[in-house]
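Colleague: Could you take a close look at the aromatic side chains in this model and then follow the strands around them? One connected account is enough, with the cut-offs given as you go.

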Amino acid sequence: MGNHGLSETVVELTEEEKAQLVGEVPDRRVVTTGAVLLVICAAFVVRGMFGDGNGGNTGGGPHSEDIARSRPPVAAVTYEITGTGSADISYLTRNERGRGGRPAVEAGVRLPWRKTVFVPAGERPVVSVRLDEGGGEARCALAVGGKHRHRDVTAGAFGRATCSVRVG
């Protein structure tokens, strides 16, 4: 099929005219940008193959330091209520996401009672005991990491004792 009388004229542009065209980028900028992107990609590949020098990670997963930073450190806190009678006991424990405290209550507990929970560092665990109308005597104790840190005592009907200390 012919070109139906249409003719095409080719006009050569100077380098200056080429640079003024919309979307036209000089060759050296294209090469420079490509080289920079290639170096960045190579750096990611090398880091993935050999790790970044922090503990010999081979790129298979997160570093243990990264995992530790995502969860706050915790301490084992032991709440202990000794004495006679029955009481309502309230205490602080860790929430499901490992941050902040979540209150818990156990009602009508026969003494003695003991519970170990894990509380994030920086929190202030607390245990409180309230004797019932029958009275009796109760002593609360709070230990962090096996070391007793606070004690309190109460007696009589509806007597209260509270133990609290900062973890950290």
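Modeller: Tyr 79 and Tyr 91 are both buried (under 20% relative accessible area with a 1.4 Å probe, protein chains only; exposed is over 50%, partly exposed in between). The model is predicted, so local features need pLDDT of at least 70 and side-chain atom pairs pLDDT 80 or more, whereas totals for chains, interfaces and linings use all residues. Residues are numbered from 1 along each chain as its sequence is written, and side-chain values use heavy atoms, without hydrogens or water.

For Tyr 91 the relative accessible area is 9%. Trp 113 also counts as buried, at 9% relative accessibility.

A search of the whole structure gives two aromatic pairs (ring centres of Phe, Tyr or the six-membered ring of Trp within 6.5 Å; planes under 30 degrees apart are stacked, over 60 edge-to-face, the rest tilted). In one of them, the ring centres of Tyr 79 and Tyr 91 are 5.6 Å apart and the planes stand at 50 degrees, so this pair is tilted. Tyr 79 belongs to strand 1 and Tyr 91 to strand 2 (residues 86-94), so the pair links distant parts of the chain, 12 residues apart (strands are DSSP runs of E, at least two residues, numbered from the N terminus). Tyr 91 also pairs with Trp 113: the centres are 5.5 Å apart and the planes at 45 degrees, so this pair is tilted too. Trp 113 lies in strand 4 and Tyr 91 in strand 2, so parts 22 residues apart in sequence are tied together by the pair. Tyr 79, Tyr 91 and Trp 113 make up one aromatic cluster.

Four strands form an open sheet with antiparallel pairing, in the order 4-1-6-7 (two strands pair if DSSP finds at least two bridges between them). Its edges are strand 4 (113-120) and strand 7 (147-155); each has a single partner strand, so one side of each has no neighbour in the sheet.

Strand 1, residues 74-84, pairs with strand 6, residues 137-144, in the antiparallel sense over eight bridges. Within this pairing, Thr 78 has Ala 143 of strand 6 as its bridge partner. Strand 6 also pairs with strand 7, antiparallel and over eight bridges. Here Val 144 is bridged to Lys 147 in strand 7. Strands 6 and 7 form a hairpin with two residues between them, and Gly 145 in the turn has a positive phi of about 60 degrees.

At 59% relative accessibility, Glu 133 is exposed. Apart from neighbours within four places in sequence, Glu 133 is in contact with Ala 157 and Phe 158 (heavy atoms within 4.5 Å).

Strand 5 itself, residues 126-131, pairs with strand 8 in the antiparallel sense over five bridges. In this pairing, Arg 130 stands opposite Arg 160 of strand 8. Arg 160 is on the uncovered face of strand 8 (residues 160-164), together with Thr 162 and Ser 164, while Ala 161 and Cys 163 form the covered face.
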